Amino acid sequence: MKKFLYAFLILAITILWSSCRKDFVTVPSSGQLQFSKDTVYLDTVFTNIGSSTYNLKVYNRSDDDIRIPSIQLGEGQSSRYRLNVDGVAGKVFEDVELLANDSMFVFVETTLDITDFAGGDQFLYTDAIEFDTGNNQQKVELVTLVQDAVFLYPQQFDDGTIETLLLSVDEEGNETRIEGFFLEDSELNWTNEKPYVVYGYAAVGQNQVLNIEAGARVHFHADSGLIVGNLGSLQVNGALSTTEDLENEVIFEGDRLEPGFANVPGQWGTIWLTDGSTNNNINYATIKNASVGLLTENSDDPDNPTLTLNNSKIYNSASVGLLARTGHVEANNSVIGSAGQASLYLNLGGKYTFRHCTFANYWSNSFRVAPTVLIDNFLDVGNGMEFTADLEQADFSNCIIYGNNGIELLLNQAESNSSILLEYNFKNCLIKFDDFNNRFVNDPLYNFNDTGIFEGIVLNSDPDFKNTDTGEFIIGDNSGAIGIGNTPTMPPAIQSDLLGNPRTNPSDVGAYNHTTFDDD
């Protein structure tokens with residue numbers, strides 16, 4: 001028994017001693033490390049905004065436990081890059097151990113101020129991660145493009161609070177506010193010289209006009225956007241581009257420039273044309289990755305649209321592409337693409353005209369209940385109550401309404417008052433309406449045989465879009481939209497398609513003429 005206890009005690013001491021060791025026998029690195037990449041490209045960042053974190057994997061393919069004498073940035077402590085080596089932050093590391101046939105992560109990030117560098121609106125900043133020194137030294141290059149920008153943001157007060165905009169006051173005097181600021185007169189002309197980065201909501205005040213020049217780039221931070229207030233106006237003056245860089249378009253998107261964020265919906269709020277805003281014109285714009293691409297409310301002018309949208313694209317919206325609430329909108333040659341709910345929602349009545357527009361919703365990030373186009377004349381406010389307003393006009397001519405659901409057009413009449421107008425008209429349109437369970441067969445709102453409402457309609461014929469996953473809604477040679485249009489007299493806004501190609505008569509419907517796709 002004593003021998004057994006003695007042997008057990010020796011074994012326990014041996015295990016305890018082994019588990020408490022903090023070192024192991026290593027040999028110096030011989031310059032034979034391998035890396036997951038030879039250059040780490042940290043994608044374009046705006047000045048003074050931190051980059052995403054990028055990673056590099058370092059491999060020891062040998063059968064020996066090794067010790068790397070040093071890992072450091074080439075510029076040492078003065079480098080603008082920051083490292084985290086195997087869980088430890090810093091810029092210079094010594095005697096880093098790596099087990100045989102094992103690997104470790106090195107994480108890299110940066111924050112750069114373009115004023116630290118000489119001249120220009122862009123600067124390519126480089127450094128390197130150096131592993132070891134002398135003949136055994138190995139390097140992985142680091143490359144970042146830093147870009148200057150015009151930054152617009154609310155004021156931060158001495159007490160730490162941030163400037164806000166008043167949105168509404170309820171009957172009890174409670175205010176609804178949002179972080180934001182009114183643009184100064186000197187800030188009402190946005191050029192294409194530098195990108196604009198907006199924090200909070202930038203507001204266009206009474207009797208102000210925000211002009212945005214062709215080729216301008218506007219980036220919104222999270223929970224940020226643009227508000228056009230009472231008697232304010234937005235003029236987006238984009239133009240037709242001739243290259244894939246869309247050099248003349250005005251582009252609204254988030255402020256994360258890394259490729260991984262290129263198609264992430266909901267990165268920013270919305271462009272909000274509030275009740276009382278007037279004469280808003282958007283031409284050749286792309287609005288992408290918002291929560292709601294465009295929100296327009298209430299029109300007091302029965303003769304002139306609150307919003308005229310020409311030759312523009314709205315896509316990848318987390319909620320709705322274009323939400324118009326009792327609005328007055330005229331749109332031509334425009335694409336409203338995928339959204340988490342409806343691409344187009346005409347809510348609580350209004351007055352609308354859409355010519356040669358493509359509404360296409362192939363949302364795949366979650367389950368989508370709403371159709372591509374949703375039209376109603378009421379607003380449900382809960383407790384069995386609803387507000388109502390006349391839908392005076394909703395005219396769609398030469399349009400495509402399609403998506404990956406069976407029913408992509410939904411019309412809803414106010415239940416509380418059937419006398420409220422719900423006036424709509426579809427001419428020469430391609431519509432996805434696959435009522436496979438005959439849910440709407442006896443619904444008078446969908447009498448496709450009534451040529452006074454539905455004239456020249458084609459149902460459920462494949463539009464042959466180029467790539468629905470990437471939002472390329474150009475139609476191909478096999479499209480059901482070819483030659484079904486009818487525009488005897490073409491207004492100037494639709495004499496050419498979105499790409500500037502002349503239309504014929506009979507025309508292809510939607511925003512684009514058909515084309516032959518190149519084989520990949």
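**Salt bridges and the fold around them**

A search of the whole structure, which is a predicted model, finds 12 salt bridges. Side chains of opposite charge can pair when their charged atoms come close. One of these pairs joins arginine 80 to aspartate 116, with 3.5 Å between the closest N and O atoms. Arginine 80 sits in the loop between β5 (66–73) and β6 (81–85), and aspartate 116 in the loop between β9 (102–110) and β10 (122–131), so the pair ties together parts that are 36 residues apart in sequence. Is this pair buried or exposed? Arginine 80 has a relative accessible area of 28%, which makes it partly exposed. Aspartate 116, at 45%, is also partly exposed.

A salt bridge also links arginine 355 and glutamate 330, with a distance of 3.3 Å from N to O. Arginine 355 belongs to strand β31 (residues 344–355) and glutamate 330 to strand β29 (residues 320–332); the two are 25 residues apart, and the pair links distant parts of the chain. Arginine 355 is partly exposed, at 22% relative accessibility. Glutamate 330 is partly exposed as well, with a relative accessible area of 24%. The cut-off matters for reading these values, because a residue counts as buried under 20%.

Glutamate 130 and lysine 139 form a salt bridge too, and their closest N and O atoms are 3.9 Å apart. Here the accessibility of each partner falls in its own class. Glutamate 130 counts as buried, at 13% relative accessibility, whereas lysine 139 counts as partly exposed, at 44%.

Which strand holds serine 70? Serine 70 lies in strand β5, and it is buried, with a relative accessible area of 10%. Leaving aside residues up to four places away in sequence, serine 70 touches Phe93, Glu94, Asp95, Glu130, Phe131, Asp132 and Thr133.

The C-alpha atoms of leucine 307 and glutamate 330 are separated by 6.4 Å, although the two residues are 23 residues apart along the chain. Leucine 307 is placed in strand β27 and counts as buried, at 0% relative accessibility. Which residues does leucine 307 touch, not counting those up to four places away in sequence? They are Leu273, Asn280, Ile282, Leu294, Leu322, His328, Val329 and Glu330.

Most residues other than glycine have a negative phi, and most peptide bonds are trans. Asparagine 311 has a positive phi, near 55°, and is a residue other than glycine. Asparagine 311 lies in the loop between β27 (307–310) and β28 (313–315), and at 9% relative accessibility it counts as buried. Asparagine 316 is not a glycine either, and its phi is positive, about 60°. Asparagine 316 lies in the loop between β28 and β29, and it is buried, with a relative accessible area of 11%.

The peptide bond between asparagine 505 and proline 506 is cis, with omega about 10°. Where does proline 506 lie? Proline 506 is in the segment after β44 (472–475).

These details belong to a protein with 1 helix and 44 strands. Its C-alpha trace spans about 100 × 60 × 55 Å along the principal axes. The radius of gyration of the protein is 30 Å, while a compact globule of 520 residues would have one near 24 Å. Of the 520 residues, 48% count as buried. How many of the contacts between residues at least 6 apart in sequence join residues at least 24 apart? The share is 67%.

The accessible surface of the protein comes to about 25,300 Å², and 47% of it belongs to carbon and sulfur atoms.

Key. Residues numbered from 1 in each chain as written. Predicted model: local features only at pLDDT ≥ 70, side-chain atom pairs only at ≥ 80, totals over all residues. Heavy atoms only, no water. Helix = DSSP H or I, 4+ residues; strand = E, 2+ residues; numbered from the N terminus. Rg over C-alpha atoms; globule rule 2.2 N^0.38 Å. Buried < 20%, exposed > 50% of the residue type's maximum accessible area, 1.4 Å probe, protein only. Contact = heavy atoms within 4.5 Å. Areas by Shrake-Rupley, 256 points an atom, 1.4 Å probe, with all protein chains shown as cover. Salt bridge = Lys/Arg side-chain N within 4 Å of Asp/Glu carboxyl O.
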